[in-house]
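Please read the following report alongside the sequence and the three-dimensional view. It goes from single residues to the ligand, and then to the core and the domains.

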Amino acid sequence: MSLSDTIVASATAPGRGAISVIRLSGGNSLSIAETLAGKAFSPRLATFGNLVSDGILIDTGIWIYFKGPNSFTGEDVVEFQGHGGPVVIQTILRTITARGARLANPGEFSQRAFLNDKIDLTQAEAISDLINATSLSAVKAANHSLSGEFANRVHTIVSNLIRLRTQIEAHIDFPDEDIDPQNLLEFSDQLKNLHHDLQSLKLAANEGAQLNRASNVVLIGEPNVGKSSLLNALANEPLAIVTNIPGTTRDLIRHDLLLDGIELRITDTAGIRATEDVIENEGIQRARNAIETADIALCLFDERHDTVTESLITRLVGDTPSATIGIIRTKNDIQTHPTKNHTTYPLIEISAVTGSGLNQLKDWLLNELNLNSNAETPFLARERHVIQLASALNYLHQAMSQPVSLETIDLLAEDLRLTQNALSEITGSFTSDDLLGSIFSTFCIGK
Ligand SMILES: Nc1nc2c(ncn2[C@@H]2O[C@H](COP(=O)(O)OP(=O)(O)O)[C@@H](O)[C@H]2O)c(=O)[nH]1
Ligand SMILES: [Mg+2]
């Protein structure tokens, strides 16, 4: 990747729309844009004008010029807000590339912002995560990361670490000088503080990373308990075939559902029973696999079981399910007596026919997934961050594994250096090109 190229991309989603934004960044942005518009631009001033290519009017819209370094990428940036027709957009892109710009790679604008020190890596990632957010909680948390809250916490720990390293390395550089025992005690206190801060940052990052992935809810139960009916009721459309014939659903049916603005992936499965049918058995196997990756497994029972026991649950989800378990008593419109719950799991009564209990079920799901829009997560994080924090903690544990002493101080210094590198990889102040490539390649084009 060359930072000297001028790049261009449509920043709005593909397809037809009222308006599209085409974005240019790099040294030739302004001259290309001014040629096409046939007029000069002032920085940060919206200018209404044409976009003319070889004498042909392609579009009319608003031009905005951001003079570097006061732009998103830190370079000269020009945006053109034109009409959102695919042919218009393609023609504009072709016109601009013919004048020397090249099409941007996914995430290349954000990558330039990172490389030009406009944002750090956690902020760049937060931009992409904000775009992909599946809940209001995730939006709030991504904005916290974007404004640098996560990065600031990492920076604070790194500065404390650097302060400690400087003191320690001074003793390595001047080994003939005695260390005051009081200093050794202080080092040890500082190590403990660092450990405490790092530990709490990792907990917060873990929570933030949870928000970053779509939550999986799987519906499990014997044939005919009403799994497919519940999926259809939640989705508000007849996605799965419902009949009174046991074994109707054989494959997994997945649906991404928006609950109060929160995206959940609901999976309907084949009913669990002993059967000779090869296709149905494959479906049952798939249902079992789906439980393993689920965040929540809803175990459905109808009037055929007046008591739900632990062993019934185990039969459905196995001995040690990693998913949170909820029990659903279905068909409560035809229920004559309440179902007894002999387990520690919560039981919710619903009817797919009347819709009763569905709101209670939705609230419970959002609560369990901690996706309640009122819940505050300090910042949005990625698995990558959690792994780096764990690795930093590991090095710090190693550093703390023996008492601070003059004999082992160079080992301590080395462990602290590794701790710092692991942390710096989070914000990108110490990062390999491969990592950068893999992070930015998952971004949208034009971002
Ligand atoms: N009365 C009543 N019948 C239901 C309800 N949910 C499902 N059923 C019926 O139960 C049968 C099996 O439903 P289905 O959703 O296919 O169950 P699945 O095999 O678990 O997917 C069908 O005849 C449905 O009409 C409900 O809430 N109330
Ligand atoms: Mg079914």
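## An exposed loop residue

Arg44 counts as exposed, because its relative accessibility is 54%; here exposed means over 50% relative accessible area, buried means under 20%, and partly exposed covers what lies in between, with a 1.4 Å probe and protein chains only. Arg44 lies in the loop between α1 and β3, where helices (H or I, at least four residues) and strands (E, at least two) are DSSP runs numbered from the N terminus. Although Arg44 is not a glycine, it has a positive phi of about 60°. Most residues other than glycine have a negative phi, and most peptide bonds are trans.

Ala46 is also placed in the loop between α1 (29-37) and β3, and it counts as exposed, at 56% relative accessibility.

## How the model is described

This is a predicted model, in which local features need pLDDT of at least 70 and side-chain atom pairs count only at pLDDT 80 or more, while totals for chains, interfaces and linings use all residues. Residues are numbered from 1 along each chain as its sequence is written, chains are lettered from A and ligands numbered from 1 in the order in which they are written, and side-chain values use heavy atoms, with hydrogens and water left out.

## Other backbone and strand features

Asn236, like any residue listed here for its phi, is not a glycine, and its phi is positive, at about 65°. Asn236 sits in the loop between α8 (227-235) and β8 (253-259), and it counts as exposed because its relative accessibility is 71%. The peptide bond from Gly68 to Pro69 is cis, with omega near 5°, and Pro69 belongs to the loop between β4 (56-66) and β5 (77-84).

Ser53 is part of strand β3 (residues 47-53) and counts as buried, at 10% relative accessibility. The C-alpha atoms of Ser53 and Phe114, which are 61 residues apart along the chain, are separated by 33 Å.

Ligand 1 has 16 residues around it, of which Asn224, Lys227, Ser229, Asp333 and Ala352 come nearest; a residue is near a molecule if one of its heavy atoms lies within 4 Å of it. By class, this shell holds six nonpolar, seven polar and three charged residues, where Ala, Val, Leu, Ile, Met, Phe, Trp, Tyr, Cys and Pro count as nonpolar, Asp, Glu, Lys and Arg as charged, and the others, Gly among them, as polar.

An oxygen atom of ligand 1 is 2.6 Å from an N or O atom in the side chain of Ser229, an oxygen atom of the ligand is 2.7 Å from an N or O atom in the side chain of Lys227, and an oxygen atom of the ligand is 2.9 Å from a polar backbone atom of Gly226. Taken alone, ligand 1 exposes 570 Å², and the protein buries 83% of that; such areas come from the Shrake-Rupley method with a 1.4 Å probe, and for residues only the protein chains shown count as cover.

## Two buried residues

Ser351 is found in the loop between β14 (347-349) and α11 (358-368), and it is buried, with a relative accessible area of 0%. The side chain of Ser351 makes a polar contact with the side chain of Asp333, at 2.8 Å; a polar contact is a pair of N or O atoms within 3.5 Å, and within protein one must be able to donate a hydrogen and the other to accept it, while residues adjacent in sequence count only if both atoms are side-chain atoms. A polar atom of the Ser351 side chain also lies 3.0 Å from the backbone nitrogen of Thr354.

Ile291 has its place in helix α9 (residues 278-292) and is buried, with a relative accessible area of 5%. Ile291 and Val218 are 73 residues apart in sequence and 6.5 Å apart in space, C-alpha to C-alpha.

## Core and domains

The largest nonpolar core has 32 residues, of which Ile168, Leu198, Leu416 and Leu423 touch the most other members; such a core is a set of buried Ala, Val, Leu, Ile, Met, Phe, Trp, Tyr and Cys residues joined through side-chain atoms within 4.5 Å. Two or more residues of this core come from each of α6 (149-173), α7 (181-211), α12 (383-399) and α13 (409-427), and α7 gives the most, with nine residues.

The domain assignment, which is automatic or from a database, gives domain 1 (7-119), domain 2 (126-210 + 380-428) and domain 3 (216-368). The C-alpha centres of domain 1 and domain 2 lie 40 Å apart.
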